[in-house]
Amino acid sequence: MTTAVKANRVKQRMVVSRLLQALPILVLATFIVFSLMQLIPGDVAVTLAGENASAERIAQIREAYGLNQPFLAQYGDWLWRAAQGDLGASLLSGEPVAQTIARTFPNTLLIAFYAVLLSVLVGVPLGILAATRAGSPLDSGIMGAASLGVAVPNFWFGMILVLYLALTFKWFPATGFVSPREDFSAALWYATLPALALCTNGVAEIARQLRSSLVEIQSSQHVRTLHAKGLSPARILWKHGLKNVSVNLLTVVGLLFNKILAATVVVEAVFAIPGVGSSIVNAVLQGDFPVVQGAVLAMVVTVILVNLFTDLACTVLDPRISEA
Amino acid sequence: MAQHTERPRPAQDTPLLSVENLSISFAHPGGETAITRDVSFTVAAGERLGVVGESGCGKSVTGLALLGLLPATARVRGAIHFQGEDLSRLPASRLRRLRGSEISMIFQEPMSALDPVFTIGEQLTETLRSHRKVSRKEARERAIEALAEVGIPSPAQRLNDYPYQFSGGMRQRVMIAMALICRPKLVIADEPTTALDVTVQAQIIDLLREISDSTGTALLFITHDLGVVAETCSRLLTMYAGEVVESAPVDSVLYRPRHPYSSGLLCSLPGLSERGQRLPSIAGRVPAPDRMPRGCRFQARCPHATEGCEQPQPLQPLTDHRLARCWRSAELTLPGAVTP
């Protein structure tokens, strides 16, 4: 089909242009983070030199790590190496940054994806339930709870979960983590509370958005045509209604993933999870800039890929998008 | 009921559709607003009935009420007999089986009446397969036939296209194909050409007439365009402010309307009045639903209103199978659009 070929070409062009657009974003994001690092008090050279080190020793260390270079030169140096695939090593532990990311990122991705999955699994049925009973007490109840869910902070809810589900009822471990690469089911077990803490906003956001777009679609003219064709309300909702709102829903889920990824930084601290978020926090506190840069890079790349995937999926679900 | 396949003659005994005293109102927190009152009419098998009236006269609402498509706040009183069943009392599941299968509907806005995220092939076969036991392959073939029937070029390829890939006129053809794919006995066309270009309008009207002729499908043609009715229908129902004010064969009403409102509509048709003159119009506006007069609803705008018009006006039978809701219809000689 000629239209299918055309649509494919549009998609290919979109992927290439998106990836090219991503490069300046990566440079900008790492540059901003690098600049902010300069504002943080403390000197990594002092830490490295150890207690009671002489001023000459500290100066030597500055020299050795290039910390005496001007700010832009330091950044340029990092960028040049990163472009060649060398993210450097931690100034403190000497662990290569690539290895740090490989060790911690799967943990972060696990809780982030777990939280997104929970948001969808709980938020979608709630949204559908509220939309099909729009105006009923059930609808008001769900939407009221959703407003609350949007307002509740993740870390606070995380602490409440630890208090009750872990410490009082002992259903889940309070803190700690098992790497998904060692034992996946145990990893899921340990990741449940952090994911629950992260998903409240997501559940609420998805339920609200889905309800409003379903209610809107249900009163549209093409849904009236479906009724006039003699389709059952169930078929209209599940086949036509959901496909019509799927682009909307997918966009919300994509944005939600980004939000949740950012929120892992705090939630990992609450649950003591060795993820990228906690390594960023530690590295920032110690001025270990190669680790910060590498971790931020990994997060930005993930966000860009998720956004690209979301947009591609939208063109599949709604043929009108690839035309534009 | 044995329905014959040959061209159905207007049945003498039981009409295909018989609407009796249909009154529709919408409930709202402050009470109820009446939209139509005691609307009655019949459609014989294969007949084409035009329903005209200005915006808000209740003609579209009446069309939607026949299929039970009004929102939940609507209160419908009266009876809608279709092939021996009262549609207004049918359970939802039974009514659903008639919709799209025995009675189908064509809407005004072809741009928004089709589902934008499904191919038209899917939308056509879905209609057929939800009413008839046919295989996927067979449904596809029937869909291609249906598109060919409404004059869509290379229908087999276009089956895989989405609504946005069609022009307005082509979309309306798709809507017509979809309405006809189950070979219904009655098609309700609610302003099917209003949103289209003038040249396309004429094509769509011709198409509807041809298809109704060739398949024997009855047509309830809701429009504000008397010219369309004159070309298409055999009978005309004029509605004003929620009431039927006149019912007559098209030929005789064009020549001699029996209600002042029908006459006013006919006289304001462009092209029929003298060239270079201002088009005649009916002065005034329709009374608001909450301040309808007890008597004739047209009296405030009627050039022939006199004492007596404030009395309630029944729909009176006249000669030649005609009805008019005007006590003076016998004495008045009203101008029509066609001068003998």
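Student: How many residue pairs are in polar contact across the interface of chain A and chain B?
Tutor: The rule finds 16, with both residues at pLDDT 80 or more. Keep in mind that this is a predicted model.

Student: And which elements of chain A give two or more residues to that side?
Tutor: Helices H9 (221-228), H10 (233-271) and H13 (319-323). H9(A) has the largest share, with seven residues. By type, the side of chain A that touches chain B splits into eight charged, nine polar and seven nonpolar residues.

Student: What makes A:Lys239 and B:Glu126 a salt bridge?
Tutor: Their side chains meet at 2.8 Å, N to O. The cut-off is 4 Å between a Lys or Arg nitrogen and a carboxyl oxygen of Asp or Glu, so the pair qualifies. The count between the two chains is four salt bridges.

Student: How much area do chain A and chain B bury between them?
Tutor: About 2,400 Å², 59% of it on carbon and sulfur atoms. On the chain A side, A:Arg224, A:Ala228 and A:Lys229 supply 25% of the buried area, more than any other three residues.

Student: Over to chain B: why is strand S8 called largely enclosed?
Tutor: Buried means under 20% relative accessible area, and six of the six residues in 218-223 are buried, so S8(B) is largely enclosed by the rest of the structure. B:Ala218, B:Leu220 and B:Ile222 point one way and B:Leu219, B:Phe221 and B:Thr223 the other.

Student: What makes S3(B) and S8(B) a pair?
Tutor: Pairing needs at least two bridges, and these parallel strands have five, so they count. One of the bridges links B:Arg48 with B:Leu219. S7(B) also pairs with S8(B) in the parallel sense, over five bridges, and there B:Asp190 stands opposite B:Ile222.

Methods. Residues numbered from 1 in each chain as written. Chains lettered and ligands numbered in written order. Predicted model: local features only at pLDDT ≥ 70, side-chain atom pairs only at ≥ 80, totals over all residues. Heavy atoms only, no water. Buried area = accessible area lost by both parts, 1.4 Å probe. Polar contact = N/O pair within 3.5 Å; in protein donor to acceptor, adjacent residues only side chain to side chain. Helix = DSSP H or I, 4+ residues; strand = E, 2+ residues; numbered from the N terminus. Nonpolar A, V, L, I, M, F, W, Y, C, P; charged D, E, K, R; others polar. Buried < 20%, exposed > 50% of the residue type's maximum accessible area, 1.4 Å probe, protein only.
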